[in-house]
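I have the model open and am keeping notes as I go. Entries follow in the order I looked things up.

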Amino acid sequence: MPTVTDVVCPLCGCLCDDIRVEVEGNAVKKVRGACAVGRAKILGHGRLKSPLLREGDELKECSYEEAIKRAAEILAAARRPLLYGWSCTVCETHKVGILLAEVLGGVIDNTASVCHGPTVQAVQGVGLPTCTLGEVKNRADLVIFWGANPVEAHGNHMRRYSYLTKGWFRPEGKKDRKLVVVDVRESRTARMADIFIRVEPNKDYLVLAALRAIVNGFADVVPESVGGVPKERLVELAEMMKTAQFGIIFFGMGLTQSRYKHNNIEQAISLVRDLYAFTKFAIMPMRGHYNVTGFNQVCTWQTGFPFAVDLARGYAWYNPGETAANDVLSRKECDAALIVASDPAAHFPAECVKHLAKIPLVVIDPYPSPTTEIADVVIPSAVCGVEAEGTAYRMDKVPLRLRKLVETEFLTDEEILERLLDEVLKIKGLQ
Amino acid sequence: MAELLIKNGIVFDPINGVKGEKMDICIKDGKVVESVSSEARVIDASGCIVMPGGVDAHTHVAGGKVNAGRLLRPEDGRKGLEPRTGVCRACSGYSVPNTFATGYRYAKMGYTFLMEPAMPPLKARHMHEELMDTPIVDKAGMPLLDNNWMTLQYAKSGDVEKLAAYIAWMINATKGYGVKIVNPGGTEAWGWRKNCGLEDPVPYFDVTPAEIIKALAEANERLSLPHSIHLHANRLGQPGNYETTLKTYDLVKGTKPSRKRQVMHATHVQFHSYGGTNWGNFESKADEIAKYVDQHEHVTIDLGAVMLGDTTTMTADGPMEYNLYLLTGRKWTNCDVELETGSGITPFLYSGKVAVNTIQWAIGMELALLVKDPWKVVLTTDHPNGGPFITYPILISLLMSRKRREEVMKEVHSVINERALLPTIERELDWYEVAVMTRGTPAKILGLHEHGKGHLGVGADADVAIYEISPEETDAGKIQKALLNAKYTIKGGEVVVKDGEVVAVPEGRTFYVDVRYEDEAVWKEMLSDLEKMFKEYYTVSLANYPVQDDYVPKPYVIKAGAAE
Amino acid sequence: MKLITGRTIEQGQNLENKLSEEYQKVVAVCELSEDDMKAVGVSEGNNVKVKTQFGEVVVVAKKADGNPQGIAFIPMGPWANAVVGGDTGGVGMPQFKGIDAEIERTSENVPSVRELLKSLGV
């Protein structure tokens, strides 16, 4: 069976690119080298077979032309459409999506607003001292996961990049490194740690602030216990950080989604900046979906801003808290939505899903999902990284090109959006 | 295809020795031709200055750190908001404009070629994606090749042949234009939070920046690349660094150029022309640098002039950016790139109330005015480090008008009279010299004059800028206005700007070099070293590293080395 | 109790499979420490009702040794989001972790995804 090597996995922000896939009879048969979650993605699942149009309670099969035409009518008629998702498709799709949002004068946003959007906001306040993953592989002797659980969410991260792997200056791999995990519970990742620090929920901000005080020589203002963590453990951690040769903090939803959100991240980044006075340190967000980073990159170079971009004025207006997807949904402001490569009906708070279900909804995705269940138009697309090529950006912003492994009859997200854009321009008389 | 006849303009075409002659320019099928038929569309350029399209040899407009700069600064994004039109996409930004604004605004200034001077090879794909989204202008990018572990090892062992093989492989893999060097050795040392002066050995790799520079210069000439090495020297921004600068230039005095050009292009030299020993006695040494450049033929420079105002600094000089952050306490982003390079980004305000900034502002102009031969000077602000490219018209008007300089000097810090040279300089650039520094020199140093750029001789690309101003005009304000919004910009024979508005948005081409290294045995050895790097140390696979053709949909390929 | 929601391997393996029983089995669960399960009066496999100020949902109780007392974990998905609020506090991000919750035994059934969507008044 012919094996395709150096396949780029299209699941999470690790973007592992050494996957080996056996293809036979135009189908993926075996996947080697990927983690359990990546393997499931590449092997595939039952999928949408045909475009669908809603008639009452049911979704009925139709042609691509009918679906795209109806979708264009919905979006062109909307006064404030929301174009959301984007993180599970390639950058080539994003470019068409952003142009479409500009033509429609809509709000375009990606999953970062429920993932590392707060990180972006913190970065816009203090910056981001970071590196690519290979710097960790080759130099890091102190690895900290804070509010992140790579064993479950980024399966190959520790093996390929951050802990187990050997590097130029770390030839013994894990033996050359210390692993610290900070979390509210003993996750699967925490069980691997040399040091596990348990923080009370919503208290990470205090713990980070305490660490900064200690690092900067103000340990005397720190109480005996902070956020459930005894002071001596924090003093110990601060010392480890200051004396590391190269330390890195990987952080996740534990910091972005708990109370204080971007303020947590601002503290974590500031802690790393403080540590620069003593040694080399870096901090990196664990990006979730494989191309959430890519959308933020494309959106930034094309509109000037990374997500939650409102184009109603004809230029980009960026104000998360006002222009993010959950904002316009919870305020019931959008009157139509286009969801591409994402599943907000599964991942948004119920009250936002309620409004999403009420308004005319167009969904472009290979798979049936809670979002397709409430849609008015469903357009199936090819699976990027398996059936379609394109660009994706890893969590450390390294861009790679996804491969096409098999032929498909499904249109790609890019093709669907281009046709949709064409139809919209026709309706608006802008051809 | 379309014929154009530009009539009665006053033409400045330095490469062809045209210094302000009234003449017609004929265009057909995107090229300059001898004559056109009576069907040609006539553009009346009477009373206007006509020049080849501008060539910016060093401007940070596309790639990882540029985008990190945009993301870092939504406040900059909000400064330049322009709604979409029937022709143009929405625009944003001032010092870090979005890619569409970059293309439109450069075109409106009459520029038609941009060189992105620093791409980390691992992220080359990103730079190409942004270049693809930069409309109208032709463009290229240079990979950073001086802190790469392969380079460090070959420079240490003195193996110029293997280094040349590696450079060739990298330029091809990144679809790049030439060899970029930024704080050689120092950015690798920054991986451990250290830095290197010219003679300091890089930690672990035990090779000095001086050795790296010499080896890269030789490898560059060995491959006979169109451009020379393009160098951001060590100790950028530090008081007293001019000595390092001159020592650096001396390193390659004896290197034989493989083409009729310089052996080293030194970039944003303003930042490297500092005297004094600390910020308190900081002073201009532009005269020392200018003297050296006057006396030697192997070095060319670009200004990297500072413009007063807020901007965003971004370079691959990680340690220098960190120090700038320590100075200002403003936000700071850093990104080290495995096995290759790094970058730092922080906003900066050059204020005329601050002594040091005032001297910096003076130095950029001093270099332009003290170097006698304009063919050794390219006009840049190292956008956005010294200032945004949109300030070029202001810079040019200051260089052309002593009166204007004196007006501004009255408003800045009085230290300019003590520790800078600008008040003593009477020289004013004329239009010919301006055309040399913005068209002639940049095209020649890059080797682009052999590929249709920077001149209007028969066969050249029909890239033309028409400015509504008489060459006799001396008023700085009028000069600025005319240069900011061209009366016409023509790109590849198509009118893209008319009366300061963008009217067409063709896609430009990405220029890159395809270089062949012919010694098969050496090539094999280099490849085996490279494969080991990927297998053991990189986090991407060798097969996924090279930039695919999909990222250069409109390529212009220049062959070099054994491929020529 | 403080409720957190987040990723698990099994949830990730079923990202494209959310209308299936397999997905419901691995995502419509609430992980509790042994002590908390005792306090609520349930064993592994019993149903529990999770209530927050934003809503309530019935899921299956599951033992998690790593959870300290007072922390409940529901994998991200429609069941978790039935009890997460939509207000983003001016940041764009809803609070998916650290939510005050009450957990009680229940004999009600775990709703399917479709039933959950219906209950939104869709």
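I call a residue buried when its relative accessible area is under 20%. By that cut-off I checked helix H11 of chain A, and 13 of its 15 residues are buried. I keep in mind throughout that this is a predicted model.

**Entry: helix H11 of chain A**

I checked the length of H11(A), residues 261-275. At 1.5 Å a residue it should span 21 Å, and I find its end C-alpha atoms 22 Å apart, which agrees.

**Entry: which chains touch**

I looked for chain pairs in contact. Two pairs touch, and chains A and B have the most contacts. Chain B and chain C share no contact; their closest C-alpha atoms lie 15 Å apart.

**Entry: the A–B interface**

How much area is buried between chain A and chain B? I get about 5,400 Å², with carbon and sulfur atoms giving 54% of it. Chain A puts 65 residues into the contact and chain B puts in 59.

Next I went through the polar side. I count 44 residue pairs in polar contact between chain A and chain B, both residues at pLDDT 80 or more. There are seven salt bridges between these chains. I looked up one pair, Arg84(B) with Glu102(A), at 2.5 Å from N to O.

Several elements of chain A each supply at least two residues to the side that touches chain B, among them helix H3 (91-104), helix H12 (292-303) and strand E21 (390-393). H3(A) gives the largest share, seven residues. By class, I find 28 nonpolar, 17 polar and 20 charged residues on this side of chain A.

**Entry: helix H3 of chain A**

I stayed with H3(A). Its 14 residues should span 20 Å at 1.5 Å a residue, and the end C-alpha atoms are 20 Å apart, which agrees. Just after the helix, Gly105(A) takes a positive phi of about 70°.

I noted a cis peptide bond from His383(B) to Pro384(B), omega near -5°. Pro384(B) is in the loop between strand E18 (377-378) and helix H13 (392-400) of chain B.

Asn8(B) has a positive phi of about 65° and is not a glycine. I place Asn8(B) in strand E1 (residues 3-13) of chain B. Its relative accessible area is 28%, so I log it as partly exposed.

His268(B), also not a glycine, has a positive phi of about 35°. His268(B) sits in the loop between strands E11 (264-266) and E12 (274-275) of chain B. Is His268(B) buried or exposed? At 2% relative accessibility, I count it as buried.

**Entry: salt bridges**

I searched the whole structure and found 76 salt bridges over all chains.

In chain C, Lys63(C) pairs with Glu34(C), the closest N and O atoms being 3.8 Å apart. Lys63(C) is in strand E4 and Glu34(C) in helix H3 of chain C, so the pair ties together parts 29 residues apart in sequence. Lys63(C) is partly exposed at 37%, and Glu34(C) is partly exposed at 43%.

I then looked at Glu108(C) and Lys49(C), which meet at 2.8 Å, N to O. Glu108(C) is in the loop between strand E7 and helix H5, and Lys49(C) is in strand E3, so this pair ties together parts 59 residues apart in sequence. Glu108(C) is partly exposed at 40%, whereas Lys49(C) is buried at 9%.

Last, I followed shared partners in chain B. They join one network of salt bridges that includes Lys31(B), Asp138(B), Lys453(B) and Arg509(B).

Conventions: Residues numbered from 1 in each chain as written. Chains lettered and ligands numbered in written order. Predicted model: local features only at pLDDT ≥ 70, side-chain atom pairs only at ≥ 80, totals over all residues. Heavy atoms only, no water. Helix = DSSP H or I, 4+ residues; strand = E, 2+ residues; numbered from the N terminus. Expected span 1.5 Å × (residues − 1). Buried < 20%, exposed > 50% of the residue type's maximum accessible area, 1.4 Å probe, protein only. Contact = heavy atoms within 4.5 Å. Buried area = accessible area lost by both parts, 1.4 Å probe. Salt bridge = Lys/Arg side-chain N within 4 Å of Asp/Glu carboxyl O. Polar contact = N/O pair within 3.5 Å; in protein donor to acceptor, adjacent residues only side chain to side chain. Nonpolar A, V, L, I, M, F, W, Y, C, P; charged D, E, K, R; others polar.
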